[in-house]
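User: Hi! Could you walk me through this one with me? I'd like to start with charged pairs and then get to the metals.

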Amino acid sequence: MLIIGCHLSITNGIYNAALNALSIGANTFQFFSRNPRGGKARDLDMAELKKLRQLMEEHEFGPIVAHGSYTMNLASNKQQTREFAKMILKDDLERLKHIPNAYYVFHPGSHVGQGIEKGIELIIEALNEVIDENNNITILLEGMSGKGTEIGSNMEELRKIIDGVKYNEKLGICIDTCHLYSAGYDIVNDLDGVLKEIDEIIGLERLKAVHLNDSKMDFNSSKDRHEVIGKGTIGLEALVNVINHPLLKGLPFNLETPNDLEGYKKEIEILRREYR
Ligand code: FE
Ligand code: FE
Ligand code: ZN
(Lines give C-alpha, C1' and ligand atoms only; values in the text may rest on other atoms or scores of the structure.)
(Ligands and ions follow the chains in the order given, each with its own letter.)
Protein backbone atom coordinates (compact mmCIF):
# COMPACT_ATOMS: atom_id res chain seq x y z
CA MET A 1 0.00 0.00 0.00
CA LEU A 2 1.20 3.48 -0.84
CA ILE A 3 1.72 5.59 2.26
CA ILE A 4 1.29 9.15 1.11
CA GLY A 5 0.37 12.44 2.71
CA CYS A 6 1.49 16.03 2.96
CA HIS A 7 2.59 18.71 5.32
CA LEU A 8 -0.40 19.89 7.38
CA SER A 9 -0.95 22.50 10.05
CA ILE A 10 -1.68 21.34 13.59
CA THR A 11 -2.91 24.76 14.70
CA ASN A 12 -6.29 23.15 15.41
CA GLY A 13 -4.75 20.10 17.03
CA ILE A 14 -3.08 17.00 15.71
CA TYR A 15 -6.32 15.01 15.63
CA ASN A 16 -7.85 17.59 13.30
CA ALA A 17 -4.76 17.39 11.13
CA ALA A 18 -5.29 13.63 10.88
CA LEU A 19 -8.93 14.22 9.90
CA ASN A 20 -7.73 16.64 7.23
CA ALA A 21 -5.30 14.01 6.01
CA LEU A 22 -8.12 11.49 5.74
CA SER A 23 -10.30 13.95 3.86
CA ILE A 24 -7.70 14.26 1.10
CA GLY A 25 -6.96 10.57 0.74
CA ALA A 26 -3.77 10.61 2.79
CA ASN A 27 -2.64 7.87 5.17
CA THR A 28 0.24 9.79 6.70
CA PHE A 29 1.06 13.47 7.22
CA GLN A 30 3.83 15.72 8.39
CA PHE A 31 3.52 18.59 10.85
CA PHE A 32 5.78 21.12 12.50
CA SER A 33 6.69 19.99 15.97
CA ARG A 34 6.12 23.61 17.04
CA ASN A 35 5.64 27.04 15.54
CA PRO A 36 8.06 27.18 12.57
CA ARG A 37 9.51 30.41 13.92
CA GLY A 38 10.50 28.68 17.10
CA GLY A 39 7.83 29.61 19.63
CA LYS A 40 6.27 27.52 22.32
CA ALA A 41 5.01 24.06 21.54
CA ARG A 42 1.30 23.46 21.81
CA ASP A 43 0.61 21.39 24.87
CA LEU A 44 -0.32 17.81 24.19
CA ASP A 45 -3.82 16.78 25.04
CA MET A 46 -3.84 13.12 26.02
CA ALA A 47 -7.51 12.59 25.17
CA GLU A 48 -6.78 13.93 21.71
CA LEU A 49 -3.84 11.58 21.32
CA LYS A 50 -6.03 8.63 22.20
CA LYS A 51 -8.46 9.62 19.45
CA LEU A 52 -5.50 10.09 17.10
CA ARG A 53 -4.22 6.61 17.85
CA GLN A 54 -7.64 5.09 17.16
CA LEU A 55 -8.06 6.98 13.93
CA MET A 56 -4.58 6.00 12.72
CA GLU A 57 -5.22 2.34 13.47
CA GLU A 58 -8.67 2.29 11.96
CA HIS A 59 -7.47 3.83 8.71
CA GLU A 60 -4.13 2.03 8.58
CA PHE A 61 -1.96 5.13 8.68
CA GLY A 62 1.73 4.72 8.18
CA PRO A 63 4.17 6.55 10.45
CA ILE A 64 3.48 10.28 10.74
CA VAL A 65 6.34 12.75 10.67
CA ALA A 66 7.12 15.64 12.98
CA HIS A 67 9.40 18.24 11.39
CA GLY A 68 11.70 20.29 13.60
CA SER A 69 11.79 24.09 13.40
CA TYR A 70 13.78 25.68 10.60
CA THR A 71 15.29 28.02 13.16
CA MET A 72 16.86 25.15 15.06
CA ASN A 73 20.56 25.27 14.16
CA LEU A 74 22.72 22.80 16.03
CA ALA A 75 25.74 23.98 14.01
CA SER A 76 25.46 27.69 14.82
CA ASN A 77 28.59 29.67 15.66
CA LYS A 78 26.75 31.16 18.62
CA GLN A 79 26.69 29.12 21.79
CA GLN A 80 23.33 30.60 22.77
CA THR A 81 21.73 29.52 19.47
CA ARG A 82 23.12 26.02 19.85
CA GLU A 83 21.87 25.76 23.42
CA PHE A 84 18.42 26.89 22.31
CA ALA A 85 18.43 24.35 19.48
CA LYS A 86 19.39 21.54 21.83
CA MET A 87 16.68 22.58 24.26
CA ILE A 88 13.93 22.50 21.64
CA LEU A 89 15.23 19.26 20.15
CA LYS A 90 15.14 17.65 23.59
CA ASP A 91 11.67 18.99 24.23
CA ASP A 92 10.39 17.89 20.80
CA LEU A 93 11.67 14.34 21.35
CA GLU A 94 10.12 14.23 24.81
CA ARG A 95 6.73 15.26 23.44
CA LEU A 96 6.95 12.83 20.54
CA LYS A 97 7.08 9.92 22.96
CA HIS A 98 3.36 10.44 23.41
CA ILE A 99 2.48 10.52 19.72
CA PRO A 100 1.97 7.05 18.30
CA ASN A 101 4.19 5.91 15.47
CA ALA A 102 5.86 9.25 14.74
CA TYR A 103 9.24 9.97 13.20
CA TYR A 104 11.19 13.14 13.81
CA VAL A 105 12.84 14.90 10.85
CA PHE A 106 15.09 17.92 11.08
CA HIS A 107 17.56 19.89 9.00
CA PRO A 108 21.06 19.04 10.23
CA GLY A 109 22.12 22.69 10.39
CA SER A 110 24.11 25.48 8.76
CA HIS A 111 27.74 26.10 9.61
CA VAL A 112 27.40 29.87 8.96
CA GLY A 113 30.97 30.21 7.73
CA GLN A 114 32.75 27.97 10.21
CA GLY A 115 33.24 25.28 7.56
CA ILE A 116 31.58 21.93 6.98
CA GLU A 117 33.93 20.01 9.27
CA LYS A 118 33.32 22.31 12.22
CA GLY A 119 29.59 22.29 11.56
CA ILE A 120 29.45 18.51 11.51
CA GLU A 121 31.47 18.41 14.74
CA LEU A 122 28.98 20.75 16.45
CA ILE A 123 25.96 18.74 15.23
CA ILE A 124 27.51 15.52 16.53
CA GLU A 125 28.31 17.13 19.86
CA ALA A 126 24.74 18.37 20.21
CA LEU A 127 23.14 15.07 19.21
CA ASN A 128 25.31 13.23 21.70
CA GLU A 129 24.03 15.53 24.43
CA VAL A 130 20.40 14.98 23.49
CA ILE A 131 20.20 11.34 22.34
CA ASP A 132 20.81 8.86 25.12
CA GLU A 133 20.62 5.08 25.36
CA ASN A 134 16.91 5.29 26.21
CA ASN A 135 15.92 7.09 23.03
CA ASN A 136 13.08 5.32 21.30
CA ILE A 137 12.22 7.87 18.63
CA THR A 138 13.29 7.42 15.03
CA ILE A 139 15.25 10.61 14.33
CA LEU A 140 15.93 11.49 10.71
CA LEU A 141 18.47 13.89 9.25
CA GLU A 142 17.01 15.49 6.15
CA GLY A 143 19.20 15.59 3.07
CA MET A 144 19.50 19.24 1.98
CA SER A 145 19.90 21.12 -1.29
CA GLY A 146 23.13 22.75 -0.15
CA LYS A 147 21.96 26.37 -0.21
CA GLY A 148 24.06 28.83 1.77
CA THR A 149 26.12 26.99 4.35
CA GLU A 150 23.74 24.08 4.80
CA ILE A 151 25.21 20.81 6.01
CA GLY A 152 23.89 17.48 4.76
CA SER A 153 23.58 18.02 1.02
CA ASN A 154 25.52 14.85 0.33
CA MET A 155 25.44 11.36 1.75
CA GLU A 156 29.01 11.54 3.03
CA GLU A 157 28.16 14.39 5.40
CA LEU A 158 25.07 12.61 6.68
CA ARG A 159 27.16 9.48 7.19
CA LYS A 160 29.75 11.39 9.23
CA ILE A 161 27.04 12.71 11.52
CA ILE A 162 25.52 9.26 12.01
CA ASP A 163 28.95 7.78 12.71
CA GLY A 164 29.71 10.42 15.32
CA VAL A 165 26.58 9.81 17.35
CA LYS A 166 27.07 7.26 20.08
CA TYR A 167 23.50 5.94 20.32
CA ASN A 168 22.76 6.04 16.61
CA GLU A 169 20.57 2.93 16.33
CA LYS A 170 17.50 5.09 15.78
CA LEU A 171 19.22 7.74 13.69
CA GLY A 172 18.44 7.66 9.99
CA ILE A 173 17.77 9.90 7.04
CA CYS A 174 14.86 11.42 5.15
CA ILE A 175 15.38 12.23 1.48
CA ASP A 176 13.64 15.12 -0.23
CA THR A 177 13.37 14.72 -4.01
CA CYS A 178 13.70 18.48 -4.59
CA HIS A 179 16.79 18.71 -2.39
CA LEU A 180 18.41 15.63 -3.92
CA TYR A 181 17.98 16.97 -7.43
CA SER A 182 19.31 20.40 -6.50
CA ALA A 183 22.23 18.79 -4.70
CA GLY A 184 23.29 16.96 -7.86
CA TYR A 185 21.69 13.55 -7.38
CA ASP A 186 20.08 12.81 -10.73
CA ILE A 187 16.86 11.10 -9.70
CA VAL A 188 15.37 11.90 -13.13
CA ASN A 189 17.85 9.97 -15.28
CA ASP A 190 19.46 7.62 -12.79
CA LEU A 191 17.25 6.86 -9.80
CA ASP A 192 18.79 3.39 -9.48
CA GLY A 193 22.26 4.90 -9.32
CA VAL A 194 21.22 7.44 -6.68
CA LEU A 195 19.64 4.75 -4.51
CA LYS A 196 22.73 2.58 -4.94
CA GLU A 197 24.87 5.45 -3.71
CA ILE A 198 22.59 6.05 -0.73
CA ASP A 199 22.77 2.36 0.06
CA GLU A 200 26.55 2.21 -0.19
CA ILE A 201 27.20 5.28 1.92
CA ILE A 202 24.31 5.34 4.40
CA GLY A 203 22.58 1.97 4.02
CA LEU A 204 18.99 1.87 2.83
CA GLU A 205 17.87 0.46 6.18
CA ARG A 206 18.43 3.97 7.58
CA LEU A 207 16.28 5.61 4.93
CA LYS A 208 12.91 5.93 6.67
CA ALA A 209 10.98 8.72 4.98
CA VAL A 210 10.70 10.65 1.74
CA HIS A 211 9.63 14.22 0.97
CA LEU A 212 8.05 14.17 -2.45
CA ASN A 213 8.45 17.53 -4.17
CA ASP A 214 9.00 18.83 -7.64
CA SER A 215 11.56 21.63 -8.02
CA LYS A 216 11.47 25.14 -9.45
CA MET A 217 15.25 25.03 -9.88
CA ASP A 218 17.66 23.30 -12.21
CA PHE A 219 19.59 20.12 -11.55
CA ASN A 220 22.63 20.71 -9.33
CA SER A 221 21.63 24.32 -8.62
CA SER A 222 22.01 23.99 -4.82
CA LYS A 223 18.79 25.97 -4.58
CA ASP A 224 15.75 24.97 -2.56
CA ARG A 225 12.43 25.95 -4.15
CA HIS A 226 9.70 23.35 -4.12
CA GLU A 227 7.23 23.11 -6.98
CA VAL A 228 3.86 21.44 -7.45
CA ILE A 229 4.13 17.82 -8.65
CA GLY A 230 4.53 17.70 -12.43
CA LYS A 231 5.12 21.43 -12.86
CA GLY A 232 8.83 21.53 -12.14
CA THR A 233 12.21 20.41 -13.41
CA ILE A 234 11.86 16.89 -11.97
CA GLY A 235 8.48 16.14 -13.51
CA LEU A 236 5.67 13.70 -12.85
CA GLU A 237 7.25 10.67 -14.49
CA ALA A 238 10.38 10.78 -12.34
CA LEU A 239 8.33 11.27 -9.17
CA VAL A 240 6.05 8.37 -10.12
CA ASN A 241 9.19 6.26 -10.51
CA VAL A 242 10.20 7.28 -6.98
CA ILE A 243 6.93 6.11 -5.36
CA ASN A 244 7.05 2.88 -7.35
CA HIS A 245 10.70 2.00 -6.79
CA PRO A 246 10.95 -1.41 -5.12
CA LEU A 247 13.65 -0.16 -2.74
CA LEU A 248 11.38 2.62 -1.49
CA LYS A 249 8.22 0.56 -1.08
CA GLY A 250 6.51 1.04 2.26
CA LEU A 251 8.16 4.35 3.19
CA PRO A 252 5.97 7.33 4.08
CA PHE A 253 5.97 9.89 1.23
CA ASN A 254 5.01 13.41 2.20
CA LEU A 255 4.32 16.27 -0.19
CA GLU A 256 5.73 19.68 0.73
CA THR A 257 4.59 21.36 -2.46
CA PRO A 258 3.16 24.89 -2.61
CA ASN A 259 -0.51 23.93 -2.24
CA ASP A 260 -3.68 24.27 -0.27
CA LEU A 261 -5.64 21.24 0.92
CA GLU A 262 -7.52 20.94 -2.37
CA GLY A 263 -4.24 21.01 -4.31
CA TYR A 264 -2.73 18.32 -2.11
CA LYS A 265 -5.84 16.21 -2.62
CA LYS A 266 -5.39 16.38 -6.39
CA GLU A 267 -1.70 15.47 -6.15
CA ILE A 268 -2.46 12.50 -3.91
CA GLU A 269 -5.15 11.35 -6.33
CA ILE A 270 -2.75 11.51 -9.27
CA LEU A 271 0.00 9.67 -7.40
CA ARG A 272 -2.32 6.96 -6.11
CA ARG A 273 -3.55 6.43 -9.65
CA GLU A 274 0.06 6.03 -10.83
CA TYR A 275 1.00 3.63 -8.04
CA ARG A 276 1.51 0.08 -9.22
FE1 FE B 1 12.62 19.92 5.64
FE1 FE C 1 11.78 18.50 2.83
ZN1 ZN D 1 13.16 22.20 0.86
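Predicted model: local features only at pLDDT ≥ 70, side-chain atom pairs only at ≥ 80, totals over all residues.

User: Which residue does E200 form a salt bridge with?
Analyst: E200 pairs with K196, and their closest N and O atoms are 3.1 Å apart. K196 counts as exposed too, at 52% relative accessibility.

User: Where do E200 and K196 sit, and how many residues apart are they?
Analyst: Both are in helix α7 (residues 191-201). They are 4 residues apart, so about one helical turn separates them.

User: OK, and how many salt bridges does the structure hold?
Analyst: There are 13 salt bridges. One of them joins the side chains of K160 and E117, at 3.2 Å from N to O. That pair links distant parts of the chain: K160 belongs to helix α5 (residues 155-164) and E117 to helix α4 (residues 116-130), 43 residues apart.

User: What about accessibility for K160 and E117?
Analyst: K160 is partly exposed, with a relative accessible area of 39%, while E117 is exposed at 51%.

User: Which residues are linked in a network of salt bridges?
Analyst: R34, D91, D92 and R95 are linked that way.

User: Which residue does D224 form a salt bridge with?
Analyst: D224 forms a salt bridge with K147, with 3.4 Å between the closest N and O atoms. Here too the pair links distant parts of the chain, 77 residues apart: D224 is in the loop between β10 (214-215) and β11 (226-227), and K147 is in the loop between β6 (138-142) and β7 (150-151). K147 is partly exposed, at 37% relative accessible area.

User: And what are the protein donors of the iron ion (ligand 2)?
Analyst: E142 (OE), D176 (OD), H211 (ND1) and E256 (OE), lying 2.1 to 2.2 Å from the iron ion (ligand 2). The 4 donor atoms subtend angles of 86 to 174 degrees, so this arrangement is irregular. D176 is in strand β8 (residues 171-176) and E256 is in the loop between β12 (252-255) and α9 (261-274), 80 residues apart. D176 is buried at 0% relative accessible area, and E256 is buried at 13%.

User: Which residue bridges the iron ion (ligand 2) and the iron ion (ligand 1)?
Analyst: E142 does, and those two iron ions lie 3.3 Å apart. The zinc ion (ligand 3) is 5.3 Å from the iron ion (ligand 1).

User: Last topic: how many disulfides does the structure hold?
Analyst: The count is 0. For C6, the nearest cysteine sulfur is that of C174, 14 Å away. C178 has its closest cysteine sulfur in C174 as well, at 12 Å, which is too far for a bond. C6 is buried at 1% relative accessibility, and C178 is buried at 0% relative accessible area.

Methods
Residues numbered from 1 in each chain as written. Chains lettered and ligands numbered in written order. Heavy atoms only, no water. Donors = N, O, S within 2.8 Å, 3.2 Å for Na, K, Ca; no water. Tetrahedral: all angles 85-135°; square planar, octahedral: opposite > 155°, others 65-115°. Helix = DSSP H or I, 4+ residues; strand = E, 2+ residues; numbered from the N terminus. Buried < 20%, exposed > 50% of the residue type's maximum accessible area, 1.4 Å probe, protein only. Disulfide = S-S within 2.5 Å. Salt bridge = Lys/Arg side-chain N within 4 Å of Asp/Glu carboxyl O.
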